[in-house]
Amino acid sequence: MFVRVQRFPIVTSPLANFERDIDSMLSDILQTGPARSSYPAVDIAEYENETVLVAEIPGVSKEDVKLAVQDGVLTISGVRKANQLPEKSALLRNEIRTGEFTRTIQLPEDAKVDAISAELTNGVLRVVLPKSEQARPREIKVQ
């Protein structure tokens with residue numbers, strides 16, 4: 001586990017800027033933050049009749065999100081547009097990801113691909129993957 005100590009220099013100097021740049025470069029190489037390939041973050045839960053995938057994509061409109069299914073793989077792709085700054089403005093800190101993203105998830109074998117539904121509300125994408133009738137639990141009466 002890596003521990004990152006953040007120093008706030010009182011006086012900015014070329015050496016302090018160099019140290020900050022090296023820290024930033026090393027954290028990118030060592031990926032001490034979330035891995036880029038895991039964006040957007042998803043939760044997947046299985047229920048009796050369906051599997052539900054929830055992905056966090058704040059700041060993305062439903063027109064900028066695409067879902068595709070091919071060969072048992074669900075692909076979520078889209079674009080998060082950068083906020084436009086007024087003239088004579090500058091970003092002081094920039095941590096929000098912008099640009100294109102893609103995430104692929106292997107679908108359960110029992111998913112009814114033709115009945116998948118999706119909804120985007122408040123930056124949360126909810127994809128419902130109904131299970132096929134054969135995969136659903138059922139009770140069998142003993143004669």
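Reader: Before we discuss strands, when do two of them count as paired?

Author: Two strands pair if DSSP finds at least two bridges between them. The model here is predicted. In this model, β6 (residues 117-121) and β7 (residues 124-130) run antiparallel and are joined by five bridges.

Reader: Which residue of β7 is the bridge partner of A118?

Author: V127 is the bridge partner of A118.

Reader: And what is the phi of N122 in that hairpin?

Author: N122 takes a positive phi near 50 degrees, in a hairpin with two residues between the strands.

Reader: Turning to the open sheet, what is the order of its three strands?

Author: The order is β3-β4-β5, and the pairing is antiparallel. β3 (65-70) and β5 stand at the edges with a single partner strand each, so one side of each has no neighbour in the sheet. On average, neighbouring strands of this sheet are turned by 15 degrees against each other, direction ignored.

Reader: How many bridges link β4 and β5?

Author: Eight bridges pair β4 (residues 73-80) with β5 in the antiparallel sense.

Reader: Now R103. Where is its place, and is it buried or exposed?

Author: R103 lies in strand β5 (residues 99-106). R103 is buried, yet has no salt bridge.

Reader: Which side chain of opposite charge is nearest to R103?

Author: That is D43, at 8.6 Å. A salt bridge would need a side-chain nitrogen of Arg within 4 Å of a carboxyl oxygen.

Reader: What does the side chain of R103 reach, then?

Author: The side chain of R103 reaches the backbone oxygen of P40, at 2.7 Å.

Key. Residues are numbered from 1 along each chain as its sequence is written. This is a predicted model: local features need pLDDT of at least 70, side-chain atom pairs count only at pLDDT 80 or more; totals for chains, interfaces and linings use all residues. Side-chain values use heavy atoms; hydrogens and water are left out. Helices (H or I, at least four residues) and strands (E, at least two) are DSSP runs, numbered from the N terminus. Buried means under 20% relative accessible area, exposed over 50%, partly exposed in between (1.4 Å probe, protein chains only). Lys and Arg count as positive and Asp and Glu as negative; His and the chain ends are not counted. A polar contact is a pair of N or O atoms within 3.5 Å; within protein, one must be able to donate a hydrogen and the other to accept it, and residues adjacent in sequence count only if both atoms are side-chain atoms. Axes are lines fitted to C-alpha atoms, for helices over the stretch in contact, and angles run from 0 to 180 degrees between N-to-C directions.
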